[in-house]
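Here are my notes on the model below. Please read them with the structure open.

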Amino acid sequence: MIIVMEVVATKEQVEHVTQLLREMGMREHVIVGTERTVVAALGDERKLDVGRMENVPGVEKVMPVLAPYKLASREVQRERSNIPLGGSLGGAAGGKKIAVIAGPCSVEDRTQLLEIAHAVKEAGATGLRGGAFKPRTSPYAFQGLGEKGLEILAEAREKTGLAVVTEVMSIDQVPLVGKYADVFQVGARNMQNYNLLWAVGEQHKPVLLKRGLSATLEEFLLAAEYVMSRGNNQVILCERGIRTFEGYCRNTLPLAIVPEVHRVSHLPIVVDPSQGTGHAHLVPDMCRAAVAAGADGLIIECHHDPEHALTDGAQSITPSSLKNIMMGLTRIAQAIDRDV
Ligand code: PEP
Ligand code: MN
């Protein structure tokens with residue numbers, strides 16, 4: 001951290017700053033310039049409160065050098081993390097091969113899920129999504145099948161080998177969801193549910209962490225840090241669109257986050273073009289764009305009968321559309337030295 005003193009700062013004020021740094025377990029390197037003095041704080045600056053330091057008399061501004069997250073940062077780990085999804089098809093997020101996870105928004109019944117799961121596998125995906133616990137805006141809307149839904153997902157995994165990615169909404173659901181899921185999905189609405197993040201941080205399965213509707217990249221990575229700080233390094237970030245003033249889509253999908261995450265973090269990032277746009281007709285192009293931008297995976301809502309889907313039918317593509325998308329993605333992936 002660099003502490004820039006005011007031009008008029010006194011020697012005593014500079015000494016006070018160095019004393020404060022030492023109290024915080026840091027060391028200082030004082031650079032006396034012709035105009036002003038700058039104090040470089042040496043040590044783990046993440047423990048330092050920027051706001052508090054900025055209020056100290058004689059301090060003009062404080063500039064952190066390190067990102068506030070540590071375990072998630074590239075400063076700590078240069079090479080990209082490659083996180084296996086589970087299941088028996090060898091899917092992973094973060095390697096050369098791009099992970100495709102597809103399935104319905106919600107598990108509705110056994111016939112529906114098994115039919116979609118077989119189609120998803122046939123299209124070439126390695127992961128199956130489907131919510132058994134659904135975070136719905138309205139308390140009167142379909143809330144998911146609960147444990148019954150999880151049992152159906154486990155049966156689909158047994159029959160297809162697909163890794164099961166499903167949402168956990170609260171701490172008390174963690175043991176139950178963990179019994180059936182390969183990957184815990186933490187939804188956008190729970191990105192800052194810190195107790196839930198700690199709870200999945202104590203598990204030994206990957207966590208697909210969705211970006212909050214109005215979370216900044218820094219907040220998103222700090223949420224990942226919560227999970228990792230409890231020992232679970234298997235965090236897969238998921239961009240699912242943010243809320244903006246725009247009305248033609250349900251959410252605005254900011255794909256520039258993909259290369260930016262790769263610059264500042266070693267964690268893989270997958271893109272959800274379904275929640276990200278809200279419209280099935282926008283999904284294929286956003287899949288292609290996400291892969292071209294370097295996404296480590298896609299999580300796509302796919303339904304054999306979107307018109308009758310209990311949740312998110314408008315943004316669900318059909319299995320035949322998924323198959324077409326997958327074929328096209330192969331060529332895009334090749335162009336950037338990846339596989340699908
Ligand atoms: C979903 O995946 O169906 C979902 C509810 O996602 P999000 O948490 O991103 O809204
Ligand atoms: Mn959905």
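Buried means under 20% relative accessible area, exposed over 50%, and partly exposed in between, with a 1.4 Å probe and protein chains only. Helices (H or I, at least four residues) and strands (E, at least two) are DSSP runs numbered from the N terminus.

This is a predicted model: local features need pLDDT of at least 70, side-chain atom pairs count only at pLDDT 80 or more, and totals for chains, interfaces and linings use all residues. Residues are numbered from 1 along each chain as its sequence is written, chains are lettered from A and ligands numbered from 1 in the order written, and side-chain values use heavy atoms, with hydrogens and water left out.

1. Helix α6 (residues 194–201). Its buried residues are L196, L197, A199, V200 and G201. Their cover includes α5 (174–180), β10 (183–186), β11 (207–210) and α7. Contact here means heavy atoms within 4.5 Å.

2. Domains. The assignment, automatic or from a database, gives domain 1 (2–63) and domain 2 (83–335). The C-alpha centres of the two lie 44 Å apart.

3. Cores. A nonpolar core is a set of buried Ala, Val, Leu, Ile, Met, Phe, Trp, Tyr and Cys residues joined through side-chain atoms within 4.5 Å. The largest has 71 residues, and L209, L237, I300 and L322 touch the most other members. Helix α7 (residues 217–229) supplies the largest share of this core, seven residues. Another core, of 15 residues, lies apart from it; L20, L21, M26 and L48 are among its members.

4. L322. Which residues does L322 contact, leaving aside its neighbours within four places in sequence? They are A102, V120, A123, I300, C302 and I317.

5. Helices α3 and α4. The axes of α3 (residues 110–123) and α4 (residues 147–160) come within 10 Å and cross at roughly 35 degrees. Axes are lines fitted to C-alpha atoms, for helices over the stretch in contact, and angles run from 0 to 180 degrees between N-to-C directions. The crossing is right-handed, that is, the near helix is turned clockwise from the far one by less than a right angle. On α3 the contact uses R110, L113, L114, A117, H118 and K121; on α4 it uses I152, L153, E155, A156, K159 and T160.

6. Q234. This residue sits in the loop between α7 and β12 (235–239). Why does Q234 count as partly exposed? Because its relative accessibility is 27%. Leaving aside neighbours within four places in sequence, Q234 contacts I83, P84, H204, K205, P206 and V207.
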